[in-house]
Amino acid sequence: TISLTRIPFLTTEVTDCSNLDKYFSNNFIFVKNHNKNKDLLDLYLLTLCKYFIVSPSTFSWWGAWLSKR
């Protein structure tokens, strides 16, 4: 079984996801990153995840592939 503790949503369309938190439990985290190194930090956060549902993009694929879990 998969023990779900926290599920991050990383997206470039934060405004589209901002109202989704009312539909999900507290296990879901909508990452709003406004750092100047946003892409690098998002990629790093992806590599810390254990399971992935990736979008059809090379960015999310690399995050999953580089994960050490």
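Start with one polar atom pair. A polar atom of the Ser 67 side chain lies 3.2 Å from the backbone oxygen of Thr 47. For a polar contact, we take N or O atoms within 3.5 Å; within protein, one must be able to donate a hydrogen and the other to accept it, and residues adjacent in sequence count only if both atoms are side-chain atoms.

A word on the source. This is a predicted model: local features need pLDDT of at least 70, side-chain atom pairs count only at pLDDT 80 or more, and totals for chains, interfaces and linings use all residues. Residues are numbered from 1 along each chain as its sequence is written, and side-chain values use heavy atoms, with hydrogens and water left out.

Back to Ser 67. Where is Ser 67? In the segment after α3, which spans 58-65. Ser 67 touches Thr 47, Cys 49 and Phe 52, leaving out residues up to four places away in sequence. Touching, or contact, means heavy atoms within 4.5 Å. Ser 67 counts as buried because its relative accessible area is 14%. The cut-offs: buried is under 20%, exposed is over 50%, partly exposed is in between, with a 1.4 Å probe and protein chains only.

Now Ile 53. This residue sits in the loop between α2 (38-47) and α3. Is Ile 53 buried or exposed? Exposed, because its relative accessibility is 87%. Ile 53 and Ala 64 are 11 residues apart in sequence, and 8.8 Å apart from C-alpha to C-alpha.

Finally, the whole protein. It has 3 helices and 2 strands. The order is β-α-β-α-α. These are DSSP runs, numbered from the N terminus: helices are H or I, at least four residues; strands are E, at least two. Of the 69 residues, 16% are buried.
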